Amino acid sequence: MYLSTNQLKKRRFPAAALALSTLSTGAIADPSSRWQTNLSPGVTELGQEVFDLHMLVVWICVAISVAVFGVLLYVLINHTKASGRTPATFHESTVVELMWTIVPALILIAIAVPATNTLIKLYDSSDSDVDILVTGYQWKWKYEYLSKDGGETFSFLSILSTPADQFEIGATAEKGENYLLEVDEPLVIPVNKKVRFLVTSADVLHAWWVPALSVKRDAVPGYINDAWTIPQKEGIYRGQCAELCGKDHGFMPIVVKVVSEKEYEEWVASKLSSSKADLTEKSLDELVASGEALYNKNCSGCHAVNGTGIPGVFPALKGSSIALGDVNAHIDVVVNGAPGTAMSAYGAQIKPDELAAIITYERNAWGNNTGDAVQASDIVNFNQ
Amino acid sequence: MSEHHGPATGIQRWLYATNHKDIGTMYLWFSFAMFFLGGSFAMVIRAELFQPGLQLVEPAFFNQMTTMHGLIMVFGAVMPAFVGLANWMVPLMIGAPDMALPRMNNLSFWILPFAFAMLVSTFFMEGGAPAFGWTFYAPLSTTYAPPSVTFFIFAVHLLGASSIMGSINIIVTVMNLRAPGMTYMKLPLFVWTWVITAFLLIAAMPVLAGAVTMMLTDIHFGTSFFSAAGGGDPVMFQHIFWFFGHPEVYIIILPAFGVVSEIIPTFSRKRLFGYSSMVYATASIAFLSFIVWAHHMYTTGMPLAGELFFMYATMLIAVPTGVKVFNWIATMFGGALTFETPMLFCIAFVFLFTLGGLTGVMLSLAPVDFAYHDSYFVVAHFHYTMVAGAIFSMSAAVYYWLPKWSGKMYNETMGKVHFWVAFIGFNLTFFPQHFVGLAGMPRRIPDYALQFADFNMMSSIGAFIYGFAQLLFLYNVVQTIRKGKVNTDEKTWEGAEGLEWTVPSPAPFHTFSTPPTVK
């Protein structure tokens with residue numbers, strides 16, 4: 001058995017690749033198939049290497065299992081009292097015991113070598129073409145495209161777009177194809193370019209995980225971790241937050257759209273031009289109308305659609321002293337957050353015109369009839 | 001024997017208990033109750049995951065279920081079960097009249113019901129029970145935690161105090177109360193594994209106490225140990241937690257190794273193979289358990305050199321663990337095997353724990369762990385080691401020693417039914433979780449993408465079967481005690497060796513008042 005594992009190791013790529021092709025092109029041709037039983041090599045060279053390493057170890061484990069459980073089964077069938085045996089009396093053997101200490105150690109060393117090489121590659125995030133700052137929030141992702149030469153940057157939030165009537169208790173709507181794995185605005189990156197992700201968090205721990213891109217990194221407040229990918233195939237790749245981050249941990253997916261370089265550049269240009277805030281004056285009705293949608297998207301996760309929050313965990317806004325009190329105190333809490341609580345600083349996340357609409361909505365919904373219309377300019381002036 | 005009195009009557013017997021057998025019995029029943037409580041949370045989890053969409057519970061409550069399931073199973077079910085077993089069996093195995101520190105023994109038990117009452121009461125508090133996972137990573141467990149976290153912290157402190165007292169008691173007992181001639185290298189392996197476990201507990205539990213105390217001051221006294229905004233470090237929490245947490249998993253599994261090493265020789269009618277290498281392997285595993293903690297943290301952004309160190313150290317654990325598995329099989333090799341219920345559980349242990357060990361080797365490889373980490377693959381791995389390891393060995397231990405404890409024999413057919421239902425239920429629950437994990441399903445989510453639906457439904461059905469198997473277990477134990485065939489043989493099992501099989505069945509209130517001599 002050890003001989004065959006060693007042979008397997010020497011020819012590891014052909015052997016593993018063969019094994020992989022039977023596994024992945026047979027029963028599980030489609031990686032998102034419902035009967036997928038294995039890792040997917042994804043669309044990167046590193047992912048393929050990780051996959052090969054995985055398959056190498058799987059086959060070593062299979063070989064060890066066959067040998068060990070083979071002996072076990074033989075003993076269970078043959079060395080029974082029912083077969084009329086007198087038990088043997090041996091109870092030690094230095095040679096055998098040394099053997100089964102040394103041989104596994106050698107197998108482990110044989111695995112450690114390729115594992116070390118792959119890990120070194122995984123850690124090499126140098127010479128990137130595109131840098132993206134990924135920030136985890138309870139329960140959404142913010143993507144900020146950093147500029148190499150100090151030019152303009154832009155950012156946007158990416159939030160689950162599966163409607164609640166597909167998943168909430170008592171939901172009746174039919175679940176869509178990409179149920180829980182779809183967002184309002186995906187991350188867009190160019191094909192065949194080295195993209196570096198700088199991953200951090202604004203509140204609790206999260207982890208940014210896209211299996212097909214072979215990227216998983218913890219998002220830790222106060223730290224910036226980096227990870228990288230070079231996607232070799234255009235397409236849409238989906239992932240999820242991998243670190244428990246509270247109530248809606250299961251509802252903050254990641255969608256990455258890998259496009260051609262030309263398409264990517266056009267997309268960047270359009271994002272740059274559309275990321276300016278609209279500072280024109282709006283009527284109360286306009287603000288409340290656009291504020292409702294924005295509130296439901298950004299705030300209802302904690303404060304609830306009907307503004308009641310979750311008692312003991314997230315405060316209600318309906319009838320709250322902040323939503324009914326001084327406008328500037330309200331703006332302050334939304335823009336700067338409430339330190340030491342789960343309320344994060346939205347000034348860094350959402351454009352002033354949208355913040356104005358949200359605050360106006362909060363001050364005029366669910367019986368909070370203050371009649372206050374907060375304008376985008378109020379937010380901008382507050383920041384100054 | 002005549003100068004010794006019997007047990008007190010009524011509630012006083014239990015409240016004021018200082019007898020190792022009474023305290024052992026209380027530990028065992030307490031852990032059994034906690035096992036059902038933690039198990040019922042698992043049933044809620046699996047019922048919610050039966051199909052995609054939310055059907056039964058809100059995500060916030062789901063997180064309370066996963067958190068409390070882990071905490072109750074680890075601290076309430078498995079650990080007290082093995083402490084109870086140690087209380088009963090260590091004095092009987094080393095020829096001691098009782099534990100060395102009987103009043104402390106009483107205290108270490110009676111802390112537990114209060115600690116768990118406090119922990120479970122958090123369900124009824126505003127904001128609900130802890131919902132941040134049994135690993136309670138900061139800052140989700142500090143700044144972002146429900147107010148009940150303070151009660152969780154005090155409960156953990158109490159559990160730690162109880163464990164440390166229990167450990168001191170075991171070490172002192174084994175060091176001082178061994179019968180004449182019972183040298184260290186003659187100790188039954190169960191005693192050896194418990195001595196080593198006790199040292200692990202004494203080293204690890206204060207670290208846990210430190211972690212929760214820092215959480216307490218972060219929450220209430222304005223410190224910033226784990227808050228980046230105040231200059232603290234959330235990753236440091238994970239280092240401290242896992243410096244406790246990794247030894248903790250060996251605290252759970254080493255006594256299980258001990259149980260299996262007692263039972264397999266009995267039903268093989270052959271001495272344990274490689275006794276001394278078993279002792280050294282246990283000690284090596286215990287040592288290694290303190291230098292591998294950060295393999296739980298490969299994705300946190302540790303430097304490359306750190307990753308490599310923890311990867312190599314973790315891979316090393318496979319060597320002494322392999323030695324143990326090979327020794328158990330070599331013990332059976334050439335024996336005259338019979339397959340009573342305890343033996344069935346032990347064989348299943350060897351088989352399933354080895355599978356969990358092999359996935360452990362896979363997880364130890366840092367570059368591949370980036371793909372496995374925080375997926376259901378990890379959930380499958382640790383349930384193969386914890387359930388098929390600790391719980392299966394505990395089931396084996398109960399069937400094996402119940403005739404000694406109660407003087408009654410269990411019904412073998414019913415025992416075997418329990419085993420097979422548990423074995424099938426367990427594998428149906430956890431084997432498919434390897435698949436969904438590799439396919440990309442994160443752990444600790446209340447709802448999932450449609451591609452994971454089939455394996456999750458399978459897993460849930462398996463879990464209900466496994467849950468039902470535990471009702472059979474309870475039924476078997478109760479029926480044995482109430483109506484079991486009377487068994488007064490000192491030596492219940494033909495192939496059994498050891499001092500516990502030289503005392504009458506049921507074991508009288510006081511045993512070894514005069515120490516036996518061990519040749």
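Figure 1. All five residues of strand E6 (residues 206-210) of chain A are buried, so the strand is largely enclosed by the rest of the structure. Buried denotes under 20% relative accessible area, exposed over 50%, and partly exposed the range in between (1.4 Å probe, protein chains only). Helices (H or I, at least four residues) and strands (E, at least two) are DSSP runs, numbered from the N terminus. The model is predicted: local features need pLDDT of at least 70, side-chain atom pairs count only at pLDDT 80 or more, and totals for chains, interfaces and linings use all residues. Residues are numbered from 1 along each chain as its sequence is written, chains are lettered from A and ligands numbered from 1 in the order in which they are written, and side-chain values use heavy atoms, with hydrogens and water left out. Both faces of E6(A) are covered, with A:His206, A:Trp208 and A:Val210 buried on one side and A:Ala207 and A:Trp209 buried on the other.

**Figure 2. Strand pairing in chain A.** Strands count as paired if DSSP finds at least two bridges between them. Five bridges connect E6(A) with strand E7 (residues 215-219) of chain A in the antiparallel sense, and A:Trp208 has A:Arg217 as its bridge partner in E7(A). These two strands form a hairpin with four residues between them, and A:Ser214 in the turn has a positive phi of about 60°. E6(A) also runs antiparallel to strand E9 (residues 235-241) of chain A, joined by two bridges; there A:Trp208 stands opposite A:Cys241. Elsewhere, strand E2 (residues 140-146) of chain A is joined to E3(A) by five bridges, again antiparallel, with A:Glu144 opposite A:Ser155. Four of the five residues of E3(A) (residues 154-158) are buried, so this strand is largely enclosed by the rest of the structure.

**Figure 3. The interface between chains A and B.** Contact (heavy atoms within 4.5 Å) involves 101 residues of chain B and 93 residues of chain A. The two chains bury about 8,100 Å² between them, 71% of it on carbon and sulfur atoms; this area is the accessible area (1.4 Å probe) that the two parts lose on being put together, summed over both. One salt bridge is counted between the chains, a salt bridge being a side-chain nitrogen of Lys or Arg within 4 Å of a carboxyl oxygen of Asp or Glu. It is formed by the side chains of A:Lys81 and B:Glu494 (3.0 Å, N to O). B:Glu494 is partly exposed at 49% relative accessibility, and A:Lys81 is partly exposed at 37%.

**Figure 4. Salt bridges within chain B.** B:Arg443 and B:Asp374 meet through their side chains in a salt bridge (3.9 Å, N to O). B:Arg443 lies in the loop between H14 and H15 of chain B and B:Asp374 in the loop between H12 and H13, 69 residues apart. Both residues are buried. In a further salt bridge, the closest N and O atoms of B:Asp22 and B:Arg13 are 2.8 Å apart. Here B:Asp22 is buried at 3% relative accessibility, whereas B:Arg13 is partly exposed at 27%.

Figure 5. B:Ala396 belongs to helix H13 (residues 376-406) of chain B and is buried, with 0% relative accessibility. Apart from neighbours within four places in sequence, B:Ala396 is in contact with B:Ile263, B:Pro342, B:Phe345 and B:Cys346.
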